[in-house]
Each structure stands twice: as C-alpha cells, then as structure tokens.
Protein chains: 8
Amino acid sequence: MAETEAVKVGIIMGSDSDWPAMKGCAETLKEFGVPFEVRILSAHRTPEETAQYAKTARERGLQVIIAAAGMAAHLAGVIAAHSTLPVIGVPMASGTLQGIDALLSTVQMPPGIPVATVGIGASGALNAALLAVEIMATADESLAKKREQYQVELAKKAKQKNEKLQEELH
Amino acid sequence: MAETEAVKVGIIMGSDSDWPAMKGCAETLKEFGVPFEVRILSAHRTPEETAQYAKTARERGLQVIIAAAGMAAHLAGVIAAHSTLPVIGVPMASGTLQGIDALLSTVQMPPGIPVATVGIGASGALNAALLAVEIMATADESLAKKREQYQVELAKKAKQKNEKLQEELH
Amino acid sequence: MAETEAVKVGIIMGSDSDWPAMKGCAETLKEFGVPFEVRILSAHRTPEETAQYAKTARERGLQVIIAAAGMAAHLAGVIAAHSTLPVIGVPMASGTLQGIDALLSTVQMPPGIPVATVGIGASGALNAALLAVEIMATADESLAKKREQYQVELAKKAKQKNEKLQEELH
Amino acid sequence: MAETEAVKVGIIMGSDSDWPAMKGCAETLKEFGVPFEVRILSAHRTPEETAQYAKTARERGLQVIIAAAGMAAHLAGVIAAHSTLPVIGVPMASGTLQGIDALLSTVQMPPGIPVATVGIGASGALNAALLAVEIMATADESLAKKREQYQVELAKKAKQKNEKLQEELH
Amino acid sequence: MAETEAVKVGIIMGSDSDWPAMKGCAETLKEFGVPFEVRILSAHRTPEETAQYAKTARERGLQVIIAAAGMAAHLAGVIAAHSTLPVIGVPMASGTLQGIDALLSTVQMPPGIPVATVGIGASGALNAALLAVEIMATADESLAKKREQYQVELAKKAKQKNEKLQEELH
Amino acid sequence: MAETEAVKVGIIMGSDSDWPAMKGCAETLKEFGVPFEVRILSAHRTPEETAQYAKTARERGLQVIIAAAGMAAHLAGVIAAHSTLPVIGVPMASGTLQGIDALLSTVQMPPGIPVATVGIGASGALNAALLAVEIMATADESLAKKREQYQVELAKKAKQKNEKLQEELH
Amino acid sequence: MAETEAVKVGIIMGSDSDWPAMKGCAETLKEFGVPFEVRILSAHRTPEETAQYAKTARERGLQVIIAAAGMAAHLAGVIAAHSTLPVIGVPMASGTLQGIDALLSTVQMPPGIPVATVGIGASGALNAALLAVEIMATADESLAKKREQYQVELAKKAKQKNEKLQEELH
Amino acid sequence: MAETEAVKVGIIMGSDSDWPAMKGCAETLKEFGVPFEVRILSAHRTPEETAQYAKTARERGLQVIIAAAGMAAHLAGVIAAHSTLPVIGVPMASGTLQGIDALLSTVQMPPGIPVATVGIGASGALNAALLAVEIMATADESLAKKREQYQVELAKKAKQKNEKLQEELH
C-alpha cells in the first residue's frame with residue numbers, strides 16, 4: 001500500500017476480524033491516491049500503544065484517523081481523547097446485536113470530544129474513506145476535484161444501473 | 001455573529017425549534033473565532049433552497065456544513081447529496097422517540113455519500129462545532145493550537161470539578 | 001411491462017439490489033392492469049434526477065409514486081418534498097439493522113410532508129402496489145371492483161389453506 | 001364541522017384520549033374544505049361497529065379512512081380488513097413505549113392488506129390529513145391545486161422563520 | 001388429532017407458515033389428552049370467519065383459544081374483542097424484525113381486552129399449550145395432576161442432562 | 001378487601017411502589033366479587049417466602065396468581081417455577097427503560113414454564129384482573145356472565161364517548 | 001468519608017453530574033465500613049489521569065474500582081484496559097436514550113477485558129457497592145457476615161412493607 | 001476437569017444448549033488453574049436444586065458463581081437471591097431476540113441484589129472466567145500475577161496480529 005509518501009490517514013481497527021469490512025476503506029483511499037497506513041490497535045488490549053499512536057499522530061503528519069471497532073466500541077473515542085485530529089468512527093457489526101451496540105458506543109460521545117461517526121459495517125467503512133478525503137480536500141483543490149469526480153461517477157453508475165434495468169424490463 | 005469575515009461554516013437546521021439545542025454549536029464556533037452563518041433550511045419544506053445552498057457552498061467559500069434535524073432527519077443526507085464538502089449531521093431529539101429515529105436517519109447513509117454524525121441533541125451540537133474546527137485545523141496551525149488548548153481547558157475543568165468534589169467530601 | 005398505456009404509477013428504487021424485494025410490487029400492479037414504470041433513482045447519488053422525476057410526475061400523468069429504499073432511507077421523503085402526488089414509502093431491509101433504520105427514516109416525516117409507509121421488505125412492496133390501486137380506485141369504479149375481488153380471492157386462498165390443513169391433520 | 005356536504009373522509013380513533021393529537025388532522029381537512037366525520041370506534045371494545053363502519057364506508061361515499069390508535073394499535077388494520085378504501089394509520093404515543101408499539105402494530109401489515117402509515121402522534125395526524133387530500137386530489141384538480149398551494153405556503157413559512165432568525169442573530 | 005371428544009381448545013393461526021412453530025403446541029395438548037382443533041384464520045384476510053369463530057367459541061364448548069400470528073399480529077386481539085374466553089397470544093417471528101413487532105402487537109392490549117401473551121416462536125407455542133392446560137386444570141383435578149407430573153418430568157430431564165454433562169466432563 | 005370468602009386470586013408485587021399501578025387490578029377483581037389477597041413478595045429479597053407462597057397456593061385454594069414486577073422482573077417466572085397454577089405476569093415501568101426490560105423478563109419464558117403476560121403498567125394490571133376472571137369463568141357460569149356483561153358495558157362506554165364527541169363537534 | 005484507613009474501593013465518575021445517582025453507592029460502602037475514595041475522572045477529558053489511576057490502583061491497595069459513566073460510556077472499559085483489578089461498571093441514564101447507550105457501551109466488552117456491569121442509574125449504583133463488598137468478602141469473613149446481615153435486613157424490610165400494606169388494605 | 005482440589009467457582013447453565021457458548025469459560029478457568037465445577041440448573045425447571053446450590057455454595061467453599069441463561073434469564077438473579085457470593089451473569093443469545101432479552105433480564109436487578117453482568121454469548125462467557133479470576137485474585141497474589149500475565153499475552157497477540165497484517169499489506 002501507498003506508504004512511500006508521507007502517510008496522511010491512519011486506519012486503525014480493534015481486531016483483525018474487522019479487516020474484511022474495512023478493506024473497502026483502504027481501497028477507496030488508494031483510489032484517491034491518499035497515502036495511508038493500517039494498524040491493529042485495541043483500546044482494551046493495547047491501550048498504551050493506542051494512546052501513543054493518537055498522541056503522536058499529528059506530529060507524524062497524519063491528518064485524519066479512521067477507527068473501526070465492534071461491540072462496546074471504545075476505540076474511536078479513546079483515540080479522540082488523545083488527539084485533536086478529526087477522528088472518524090466506524091461501528092462494526094460483530095457480536096449478536098448487529099452493530100447497534102457499536103454505533104451507540106461510537107456516536108454518543110460526551111460534549112468536548114467529538115467522533116465523526118459513519119454507518120455500520122462495510123458501507124460505513126467506504127464512507128469513512130470518502131469523509132477523510134473530503135476533510136483533506138478542504139485544503140487540497142486537486143483532491144476536491146477528484147472527490148467531485150467520484151460523485152459524478154457514482155451518479156453515472158446509478159444511471160447505468162437504471163438503464164440496464166429498463167432494458168431488462170422491456 | 002461573526003459574518004464580517006468570509007463565512008467558513010454553515011449551520012443549517014430543519015426547523016427553528018432546533019435552535020435551543022444548536023445554540024451551543026454557534027457559540028463554540030464563535031469562541032474559536034470561526035466565521036459562520038446560521039440558516040433554517042428544510043429538506044422537505046424548502047428542498048430547492050436546500051439543494052441550492054449545498055451546491056453553492058464550496059464556491060461561497062464554506063469549508064464545512066453542519067446540518068441538524070429531527071425525526072426522519074434527511075437534511076444532512078440531502079446536503080451531502082449536493083455537496084462534497086464535509087457534512088456533519090446532528091440528530092435532534094424531537095418527536096417521541098428521543099432522537100433514535102434521527103440518529104439512524106442521519107448515520108446510516110448508503111455507500112458513496114458520507115455524513116459525519118455526532119451524538120443526539122445539545123451534546124452532539126457542541127461536538128459538531130469542535131469537529132468542524134478540527135477539520136479546518138488540518139490546514140490551519142493556529143486553529144489547531146486553539147483546538148489543543150480547548151482540550152487542555154477541558155481537562156483542567158474536569159480536574160477542578162474533581163477537586164471541588166474532594167473538598168465537599170472531606 | 002405495461003408502459004404502452006399512459007403510465008399511472010412510478011416505482012422507484014434507491015438501488016438495483018432492491019429489485020428482488022420490489023418485483024412483487026410490479027407484478028401486482030400488472031395483475032391489476034395498472035400501467036407503471038420502474039426507475040432506479042437515488043436521493044443521494046442522483047439527487048437532481050430524483051427531484052426532476054418528482055417535479056414532473058404529475059404533468060406526466062402519474063397518480064402515485066412508490067419509493068423503496070434501505071438504511072437511511074430518504075428517497076420517499078425527498079420525492080414527497082418535490083411532488084404533491086401521494087408517495088408510498090417501502091422500507092428495505094438492507095444493512096445489518098433489518099430495516100428498522102429504513103422504517104424510521106421513511107415514516108417519521110415532519111408535519112407538512114406525508115409519506116404513506118408500508119411494512120418492511122417484500123410484504124410491504126406487495127402492499128404498496130395494493131395501496132396504489134386503492135388510491136386510484138377512489139376515482140375508478142372498475143379498479144375498485146378488481147380490488148374488492150382481490151380481497152375475496154385472498155380470503156378464498158386463506159380458507160383453502162385452512163381446508164388443506166384440516167385434511168392433513170385428520 | 002363540515003358534515004353538510006357528503007362526507008369524504010372518516011377520522012376514527014380508538015379512544016377519546018386520542019383527540020388532542022388528532023385535532024390537527026380534522027382542522028387540516030377543514031382548511032382544505034374536505035367534508036369529514038369523526039368517530040370513536042375501537043377494534044377491541046366495539047368491534048362490530050368498527051367492522052360495520054368499514055364495510056359501509058364506500059357505499060356511504062367515503063373515499064379515505066384515517067384510523068388512529070395507540071399501544072397494540074389494531075384499529076387501522078381491522079378497518080383495512082373490512083374495506084378496500086385507502087386506510088391511513090396514525091400510531092398514537094399512549095402507554096410507556098412512546099408509540100413504537102403502535103407504529104409496529106400499524107405498519108407491519110401482512111401481504112394483502114395495506115395500511116398507509118404516517119409518523120407517531122400529532123405530526124403524523126396532520127400528515128394523515130394531507131395524505132387523504134393527496135389521495136382525493138388524484139381525481140380532483142382543484143384540490144390538487146390547493147395541495148400545491150399548501151406546499152408553497154409551507155415553504156414560505158420556513159423562509160420567514162429563517163429571515164426572522166437572521167434578524168435575531170444580527 | 002383428538003377431535004372425537006368435545007373440542008376444548010382452539011388453536012388458530014394467521015397463516016399456514018406458522019404451523020411449524022405451532023406444531024409443538026398441538027403435540028403438547030395431545031400429550032395431555034386435551035381435545036383441540038386447529039384453524040387457519042386471519043384477522044385481516046378472513047375477518048368475518050375470525051369474528052364468527054370467536055363469537056361462537058364458548059357455545060361450541062371451547063374453553064381456551066390460542067392465537068398465533070406474526071408482524072402486526074392482530075389475531076389474538078381481534079379474537080379477544082369477540083369472545084370473553086381466555087385468549088392466549090403467541091407472537092411469531094416472521095418478517096425481518098424477529099418477532100418484536102408481533103410481541104408488542106399482541107401484548108400491549110388496551111385496558112378491558114386482555115390477551116395472555118407468551119414468548120416469541122416455538123418456545124411460546126409450547127408454553128401456550130401448557131397455559132391452556134393450567135387454565136382448564138383450575139376446574140379439573142386430574143388435569144392438574146398431569147400438569148404437576150409434567151413439571152416433575154421437566155425437572156427430571158434437566159437433572160438427567162446435568163448428569164450426562166457431569167459424565168462427559170469427567 | 002374481600003378476604004372473608006376463600007381467597008381465589010393472589011396479587012403479588014415485587015415492591016410497594018408497584019401498588020399505585022396495581023390498584024386497578026384489585027379494584028377490578030372486587031368489582032367482579034372475586035375474593036383476593038395482596039402481598040408484597042420479592043423474587044430477590046424474600047425468595048423463600050415467594051417460593052413458599054407459590055408452593056402452597058393451590059392447597060390454599062388459590063386459582064390464579066397475578067405477579068407484578070419491574071426491571072429484571074423475575075417474580076412471575078419464579079412463581080411459575082414453584083406452582084402449576086396459571087400465573088399472570090404484569091411488567092411494571094419502573095427504572096429508566098419504561099418497562100421494556102420488565103416485559104422481556106416476564107414474557108420470554110423458556111419452554112415448560114409459561115407466564116401469561118399482559119401489557120406494561122396500569123393497563124396491563126387491569127387486564128390481569130380480567131384475565132383472572134376469564135380463567136375462573138371457564139368453570140363458573142355466573143362469573144362468565146358478569147365478564148360478558150363487562151364487555152357490553154365497555155362497548156357502551158365507548159359508544160357514549162363517541163356520542164359525547166359528536167355533540168362537541170356539532 | 002472514610003479515607004483514614006487504607007482505601008479499598010475507588011468510585012470514579014465521568015462527570016460531577018453523575019454524583020446524585022452515585023451517592024447511594026458511597027453511602028452503602030460507608031455503611032459496610034469499607035474505606036473508599038471518590039474521583040471525577042473522564043476517559044475522554046482526562047485520559048492520562050484515568051489511565052494513571054487505573055495503573056497504580058493495585059499498588060495503592062485498591063481492591064475494586066467502580067466506574068460510572070453515561071452515553072458512550074467508555075470509563076469502565078478504559079479502566080479495565082489498564083488494571084486487572086475487578087472493575088464494576090455503572091451505566092448512567094444521561095442523554096436522551098435513558099441509559100441504553102451507556103449499558104451497551106459498558107457491558108459489551110470484547111473477550112479478554114471484562115467489566116462487571118450492574119443496572120442503569122441509582123439502583124445499579126447501590127448494587128455496585130454491594131458487589132464490591134461481596135468481592136472483598138470472599139477473603140474477609142467479617143465483611144461476608146455483614147453482607148449476609150444486609151440481605152437479612154433487606155428481607156425484613158420487604159416483609160414490613162408487606163405487613164404495612166396488609167394493614168392498609170383491611 | 002479440575003475438581004480434585006476444592007472447587008472455587010461454580011459454572012451453572014440453564015440448559016445444556018448453553019454449553020458450546022460456555023466452554024470457553026471453563027477452559028479459561030482451567031488455564032488459570034482455578035478448580036471449578038459445571039452444573040445444569042434451571043431457575044424454572046429445577047428451582048429447588050438451584051436455590052439449594054446457591055444456599056450451600058459458600059459453605060462448600062465456592063467463591064464465585066457464574067450463571068449463564070438465555071431469554072427471560074432469571075438464573076443469575078435467583079442465585080443472587082439465595083447467596084451473597086459474587087454472582088456473575090452471562091446472557092445467552094438463545095431465542096430470536098439475539099440476547100437483548102437475556103441481557104436486560106440479567107443486568108437490571110433491583111437495588112439490594114447485584115448481578116455482575118458481562119457481554120452476550122461466548123465473549124461474555126470468557127470474560128466471566130476472567131472476572132472470577134480477578135475477584136479471587138484480590139486475595140491471591142499468585143493468581144493476580146497470572147491475571148496480569150494474561151493481559152500481557154493478550155497485548156502481545158494483538159501486536160502479532162498487527163505485525164502479520166503489516167506483512168500482508170506490504
């Protein structure tokens with residue numbers, strides 16, 4: 001993955017079992033040419049490393065941190081406690097409650113420590129990448145243009161699907 | 001409010017009844033010296049104006065849009081459909097379901113169109129302002145420092161509350 | 001499908017993945033001889049086309065719009081914002097939350113902009129077709145009779161199932 | 001109330017305690033000049049009268065039935081079982097569960113018997129009236145125009161609220 | 001099934017798809033020697049037959065009615081509206097919401113019309129049979145003894161399972 | 001209260017704070033002339049007394065036990081574990097979760113040990129009394145007649161409310 | 001409070017607004033003569049102090065840590081990540097979701113890092129104290145006796161409430 | 001299993017179907033060298049044995065009881081009613097509601113009778129073992145060290161997973 005350039009986005013996950021759902025996040029960042037890194041860091045199992053990661057993120061040049069976790073998902077919140085970079089939380093649907101536990105554990109942050117939460121699972125993971133791009137694009141016109149282009153492509157694909165359906169129906 | 005400088009953040013609300021919960025958002029942006037504007041725009045009652053607002057936001061110089069709505073809260077999603085700026089969604093606790101409807105309507109966006117969702121109600125509103133600051137601070141070192149200072153003050157206040165409690169208990 | 005006659009009902013879906021659940025809706029309209037069209041239109045990916053569709057629906061002769069979407073299902077609401085035709089919303093069970101997100105996002109509309117919401121998934125899809133028929137039947141006696149006949153058949157089938165069960169049990 | 005003309009809409013409620021929430025429904029129909037009647041009919045306490053009401057509704061000239069009930073809200077479903085007129089269900093927030101019980105009891109109808117469900121409580125009640133208007137307007141151009149005008153007024157009011165807020169903020 | 005003797009319990013289901021879950025209910029009644037009948041009757045598709053069934057149940061000698069239905073499960077409530085026999089409601093887990101809709105639609109009855117609700121699905125179905133037995137046993141000492149014996153057997157089986165586990169573990 | 005005659009129904013509550021909600025249950029039994037007793041017994045605080053109460057209930061002549069409790073409401077289940085009399089569970093809305101915890105804790109009994117569950121709070125409490133009457137009425141024709149009469153009165157009152165509303169509206 | 005003796009239990013709260021609900025926890029520990037301390041420590045606002053508190057707790061002689069927090073309640077989990085002392089989590093009912101967010105955020109810990117979770121709010125707070133006592137009583141016979149005595153008193157009070165009710169009813 | 005030494009922990013389950021989820025609990029205790037026993041005991045099917053087990057647990061030398069049950073999970077609560085040993089409740093995900101019923105039935109205990117609740121299913125089962133170890137380790141330094149070592153291993157494994165991922169990604 002694109003770690004030769006200075007890494008701009010950190011994707012961290014509470015567990016390697018989150019990787020299948022998060023792969024689309026990494027691929028989307030790659031598609032935008034945004035250098036990123038992926039780490040397994042757990043708010044509960046490796047709290048020191050997690051805090052350390054968050055605290056040094058800005059000085060290492062990171063601009064956004066994307067944190068994915070399931071169940072009592074504390075990862076994004078703990079990262080946000082140790083860094084003032086924008087933190088995007090992706091609730092994972094692990095466990096039996098289909099991610100509603102992870103969603104509430106991620107989004108219901110107390111006043112003072114925001115987490116930018118996206119939807120549960122792989123859809124949210126992809127959106128986390130786009131949100132990171134949008135954030136960096138506020139100061140990067142070329143990235144902003146790519147993001148606009150992505151939107152245009154999205155519309156195009158939706159229209160093609162519609163056309164394909166029309167053909168099938170007639 | 002600070003609209004003499006070029007406005008950087010748009011706070012939009014689905015209804016004027018959202019203002020009491022959103023006031024803290026505006027005050028926090030003011031505290032950080034971030035020029036912002038406040039608009040009542042409804043995804044359902046004034047859809048044209050809402051789309052227009054979103055579509056012209058970037059060219060008007062906005063960097064972040066904060067959208068607050070309750071119940072079937074479509075406002076943030078509709079804004080995100082018409083702009084590739086970062087959109088922060090604040091679910092309001094109107095109606096009888098205490099905001100769980102607004103939370104799901106805001107956060108569960110389909111892949112391709114992210115909304116950065118914060119917690120329900122006034123806590124989320126304040127966090128939306130901080131998140132907007134963090135986003136802009138990725139390219140504004142002085143704002144980044146103010147944001148770090150805010151975190152320090154937050155910790156200080158928490159410690160003072162602890163000290164006050166210690167005095168009361170002994 | 002029956003688009004030679006003037007189309008009366010528009011079935012729109014946020015994604016082609018909604019088609020399996022929505023097929024029964026189309027088939028039921030066909031069964032009633034109601035001319036309809038099917039479109040993939042997304043409140044988020046193709047917002048302009050969606051708005052345009054809704055705004056021109058009445059002048060194109062449509063009488064009812066059926067809108068199906070999952071997750072943060074804004075499609076029916078956005079259509080209702082741009083048209084005063086009756087809009088029927090069908091919540092899809094995509095994502096991990098089994099459609100409860102789509103249900104709340106569809107039904108909890110703010111005062112002024114109604115969406116006639118039916119149940120989650122394929123059952124709701126079929127009912128959407130029947131509801132469209134009932135709406136048009138308020139001014140079409142022959143359609144009203146067909147609708148009554150459908151009810152009679154429904155009862156007959158239920159009774160046959162009962163009889164079959166009686167035979168199996170004795 | 002406007003019962004001199006032939007009644008077009010029946011508003012029925014499971015209990016007189018639903019009247020405060022349903023008043024806005026009646027007032028909105030009045031505003032549109034739609035003749036309506038209001039009845040207390042219970043699926044559980046007066047099942048015969050309820051069935052009778054539903055079965056004779058079409059021949060009495062009714063075009064839409066609006067049914068409001070709370071808790072295990074069976075009223076709309078029972079009406080729909082006995083009539084093929086469009087039935088609009090309004091879930092009431094009685095009991096301790098804030099209307100989520102009434103919403104599910106109203107919307108999750110089995111295939112074959114649709115109920116057009118609107119949101120919980122007074123917002124839903126107002127929307128039920130508008131939906132009834134929209135249904136009748138499919139065959140009544142003058143009503144369709146009034147409905148469009150209502151939408152325009154709604155937008156106007158939202159814009160005035162925005163303007164008032166702008167004045168307060170500056 | 002044991003319909004030669006005068007039938008004492010009516011098992012009714014909204015759909016034949018409920019039969020797999022309800023079979024254990026019938027088998028348990030058989031085990032207790034309680035004569036019963038099974039009917040498919042729908043509150044929505046065959047409302048007249050359902051009302052008729054309920055209204056004539058007492059004069060036909062029935063003592064308890066067990067009603068199983070899924071989604072917006074109105075069956076037990078509608079039966080209870082037309083009969084003052086004890087009505088036991090069994091929520092079925094059809095649809096995507098796993099029976100929470102059926103549970104609330106069955107149990108949250110308004111004051112005046114009780115439904116004795118048991119758990120969701122097959123467990124509830126079996127318990128419905130036992131509850132029917134307990135009700136009839138209040139005036140039938142021999143049935144009461146069988147019921148007590150069942151409890152004793154239940155305990156015995158649980159103890160055997162424990163003993164088997166002990167053997168496996170050592 | 002009517003304890004001179006042999007007590008037929010035991011109303012037990014987990015806490016004296018449940019009494020306001022349960023009063024209507026006692027009053028309804030009184031209205032039907034059913035001798036009953038009221039006890040505070042806790043599955044958790046007085047487990048021995050609770051088990052003893054359940055185990056001796058049948059020999060003391062009780063026919064039905066009504067058990068009301070909130071939160072992790074184990075009372076009805078524990079009573080049902082120790083008695084094969086019909087046990088009616090009334091979930092109380094104590095705590096912050098509005099009774100959904102008590103409802104699930106009462107109704108979701110494992111196969112073999114039924115609890116006849118009614119709705120949450122005071123509505124359920126009243127229905128518990130009616131259900132107890134219905135159970136006893138399966139072997140008591142005079143009670144069955146009173147129960148039918150109650151239903152008739154209920155309908156009458158609903159009709160009077162409707163008439164009163166008609167007067168108010170015209 | 002009893003900090004002269006070596007402190008055995010640490011009560012920590014995310015915010016001073018949790019104190020009213022947690023007071024009963026402190027009072028119960030006092031009642032048992034267990035020396036304790038109370039601290040305001042936030043997983044998000046003072047993460048360093050929180051980690052430090054957890055890491056030094058064992059060497060400072062603490063035996064149990066009770067952590068109370070609301071919303072996305074990470075406090076107990078973060079403490080458990082930094083200490084292997086038994087950690088008791090008390091979900092607070094702050095915010096609009098009545099503590100269901102805090103409950104899931106506290107109890108749904110990933111494998112490896114347990115939090116002993118009690119009920120929401122003041123009831124849970126009191127139980128946290130008793131649980132702490134029970135834990136310490138596993139190695140302190142005199143405390144075990146006090147705990148047993150507490151249970152006896154609890155039963156006595158429940159019986160007195162029952163007696164008082166009996167008097168009121170007769 | 002290790003019952004030669006004096007048993008310290010009792011693992012009890014409501015049903016043998018809970019064993020697959022609870023196996024990890026037993027294995028973890030074994031890993032720590034903690035002697036334990038496993039029993040099937042049901043609050044509903046074998047209430048006497050369950051009460052007896054709880055009442056004699058302390059005198060038999062047990063220090064902690066772990067109780068696993070699904071649906072209306074009363075087992076842990078009933079154990080806690082009969083013993084003042086620390087009781088750990090593990091909600092099982094049996095039935096259709098994925099364990100949310102068992103969670104609420106286990107954790108929402110009334111004031112006075114705590115249950116230390118862990119997460120739903122196998123994750124919670126493993127954590128129950130660790131919590132039992134932590135409780136006993138408050139008075140057993142060697143066990144405390146093993147527990148700390150477990151935490152260290154957990155961190156090590158998480159780091160290895162991270163390293164493995166790094167290799168895969170580059």
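This is a predicted model: local features need pLDDT of at least 70, side-chain atom pairs count only at pLDDT 80 or more; totals for chains, interfaces and linings use all residues.
Q: How many salt bridges are found across the interface of chain A and chain B?

A: There are two salt bridges across that interface. One salt bridge pairs B:Glu148 with A:Arg58, and its closest N and O atoms lie 3.4 Å apart.

Q: What area do chain A and chain B bury between them?

A: The size of an interface is often given as the accessible area lost when the parts come together. Here chain A and chain B bury about 3,300 Å², of which 61% is on carbon and sulfur atoms. Within chain A, the residues that lose the most area to chain B are A:Thr84, A:Pro114 and A:Thr138, together 19% of what that side buries. In terms of contact, 42 residues from chain A and 42 residues from chain B take part.

Q: Which domains does the assignment give for chain A?

A: Chain A is assigned domain 1 (9-139) and domain 2 (141-170). Taken over C-alpha atoms, the centres of domain 1 and domain 2 of chain A are 27 Å apart.

Q: What area do domain 1 and domain 2 of chain A bury between them?

A: Domain 1 and domain 2 of chain A bury about 730 Å² between them, with 69% of it on carbon and sulfur atoms. On the domain 1 side, A:Phe32, A:Leu130 and A:Ala137 lose the most area to domain 2, together 57% of what that side buries. Ten residues of domain 1 of chain A are in contact with six residues of domain 2 of chain A.

Q: Which side chains meet in a salt bridge at 2.9 Å, N to O?

A: They are the side chains of A:Arg147 and A:Glu134. Between domain 1 and domain 2 of chain A the count is one salt bridge. Across this domain interface there are also two residue pairs in polar contact. Helix H5 (residues 122-137) of chain A gives the most to the domain 1 side that touches domain 2, with six residues.

Q: Where is D:Gln98 placed, and is D:Gln98 buried or exposed?

A: D:Gln98 is in the loop of chain D between strand E4 (87-92) and helix H4 (100-107). D:Gln98 has a relative accessible area of 16%, so it counts as buried under the 20% cut-off.

Q: What does D:Gln98 touch, leaving out residues up to four places away in sequence?

A: The residues touched by D:Gln98 include B:Thr96, B:Leu97, B:Gln98, D:Ala93, D:Ile120, F:Gln98 and G:Gln98. With F:Gln98, the side chain of D:Gln98 makes a polar contact of 3.5 Å.

Q: How many disulfides does the structure hold over all chains?

A: A disulfide is a covalent bond between the sulfur atoms of two cysteines. The structure holds zero disulfides over all chains. A:Cys25 is buried, with a relative accessible area of 0%, and C:Cys25 is likewise buried at 0%.

How values were computed: Residues are numbered from 1 along each chain as its sequence is written. Chains are lettered from A and ligands numbered from 1 in the order in which they are written. Side-chain values use heavy atoms; hydrogens and water are left out. A disulfide is a pair of cysteine sulfur atoms within 2.5 Å. Buried means under 20% relative accessible area, exposed over 50%, partly exposed in between (1.4 Å probe, protein chains only). Helices (H or I, at least four residues) and strands (E, at least two) are DSSP runs, numbered from the N terminus. A polar contact is a pair of N or O atoms within 3.5 Å; within protein, one must be able to donate a hydrogen and the other to accept it, and residues adjacent in sequence count only if both atoms are side-chain atoms. Contact means heavy atoms within 4.5 Å. Domain bounds come from an automatic or database domain assignment. Buried area is the accessible area (1.4 Å probe) that two parts lose on being put together, summed over both. A salt bridge is a side-chain nitrogen of Lys or Arg within 4 Å of a carboxyl oxygen of Asp or Glu.
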